[in-house]
Amino acid sequence: MYKIEKSGSYYTYDDLVEVMSHLRSEEGCPWDREQDHKSLKVTTLEEAYEVVEAINMEDDENLIEELGDLLLQVVFHAQIAGDEARFTMNEVTDTIVKKLIRRHPHVFSTTDVKDAEEVTVNWDAIKRAEKDHKTVSDELKSVPKALPALVRAGKVQKKAARIGFDFPDWSEAFKKVEEETMELHKALQNMDKPRIEEEFGDLLFSIVNVSRFLEVNPENSLTNTIEKFINRFEGVETLAKSRGLELSDMNLSEMDALWDEVKRN
């Protein structure tokens, strides 16, 4: 039986790397040996979202656990690459440390900055040079497709806005929402499915554009609305049961009346 001994009060990062290495070895776990980068994609994404959920809940105990789960994914991917002689965890940490030093010249070099906004400007300029982005289109294409669509839309719009390709204010951006709403309505009248999907995407994109001007995070805003819907639906269900009713036996009009009552309260 393989044992990992603590060197102090806690297991360390090096202990985690050692455990992961053993799990991937011939004496380790068959499931862990079968995994590759692609098979872990969804899990890695889920763990990142669970970290965000713990932050939103302000739950430190859960955050400790979820950060550990996310760190495990990083070490897991590095171990897979190491087993395939592609790269190692040392290269991963070396790369991020070099990047942090390079992108903070005001800390590790002689560059002067006056505030956090100027730090961001410098960061973006350094990043463009690193990625060899010669055009704005290069920058737009560099926004990862794997991001949630609302997040990706905002990032693409922000990059385009930096060179002046933007509405002057929120009211002009909102006119675009109205325009896209009308175009979606026309597509619906014709029941043109491909056009409906296209216009629906245009409408969502224009709404994200408005959110930038209002300094509203669309992902957070939609998440809050989902939670509000669930809470109100729970209220409707509770109210119905208190009156001896089941939602499955009610029509939409009756459920709407309960919804309005919960909303008022």
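Biologist: Which way does helix 1 pass helix 4, in a left-handed or a right-handed crossing?

Modeller: In this predicted model, helix 1 passes helix 4 in a right-handed crossing.

Biologist: Which residues make the contact?

Modeller: Helix 1 brings Tyr-13, Leu-16, Val-17, Met-20 and Ser-21, and helix 4 brings Leu-71, Leu-72, Val-75, Phe-76 and Gln-79. By class that's eight nonpolar, two polar and no charged residues.

Biologist: Which residues of helix 4 are buried?

Modeller: Leu-63, Glu-66, Gln-73, Val-75, Phe-76, His-77, Ala-78, Gln-79, Ile-80 and Ala-81. These buried residues pack against helix 1, helix 2 (30-34), helix 3 (41-56) and helix 5 (89-102).

Biologist: Take Asn-90 then. What makes Asn-90 count as exposed?

Modeller: The cut-off for exposed is over 50% relative accessible area. Asn-90 has 62%, so Asn-90 is exposed. Its place is in helix 5.

Biologist: How far apart are Asn-90 and Ala-78 in space?

Modeller: They're 8.9 Å apart, C-alpha to C-alpha, and 12 residues apart in sequence. Ala-78 is one of the buried residues of helix 4, whereas Asn-90 is exposed.

Biologist: On to another pair. Why are helix 10 and helix 11 called roughly antiparallel?

Modeller: Helix 10 (residues 170-190) and helix 11 (residues 193-214) pack at an angle of about 165 degrees, with axes 9 Å apart. The roughly antiparallel label needs over 145 degrees, so this pair gets it. Helix 10 passes helix 11 in a left-handed crossing.

Biologist: What is the contact of helix 10 with helix 11 made of, by class?

Modeller: On the helix 10 side, the contact residues include Trp-170, Phe-174, Glu-180 and Leu-184. On the helix 11 side, Arg-195, Phe-200, Asp-202 and Ile-207 are among them. By class there are 14 nonpolar, two polar and six charged residues.

How values were computed: Residues are numbered from 1 along each chain as its sequence is written. This is a predicted model: local features need pLDDT of at least 70, side-chain atom pairs count only at pLDDT 80 or more; totals for chains, interfaces and linings use all residues. Side-chain values use heavy atoms; hydrogens and water are left out. A crossing is left-handed if the near helix is turned anticlockwise from the far one by less than a right angle, and right-handed if clockwise. Helices (H or I, at least four residues) and strands (E, at least two) are DSSP runs, numbered from the N terminus. Contact means heavy atoms within 4.5 Å. Ala, Val, Leu, Ile, Met, Phe, Trp, Tyr, Cys and Pro count as nonpolar, Asp, Glu, Lys and Arg as charged, and the others, Gly among them, as polar. Buried means under 20% relative accessible area, exposed over 50%, partly exposed in between (1.4 Å probe, protein chains only). Axes are lines fitted to C-alpha atoms, for helices over the stretch in contact, and angles run from 0 to 180 degrees between N-to-C directions. Angles under 35 degrees count as roughly parallel, over 145 as roughly antiparallel, 65 to 115 as roughly perpendicular and the rest as oblique.
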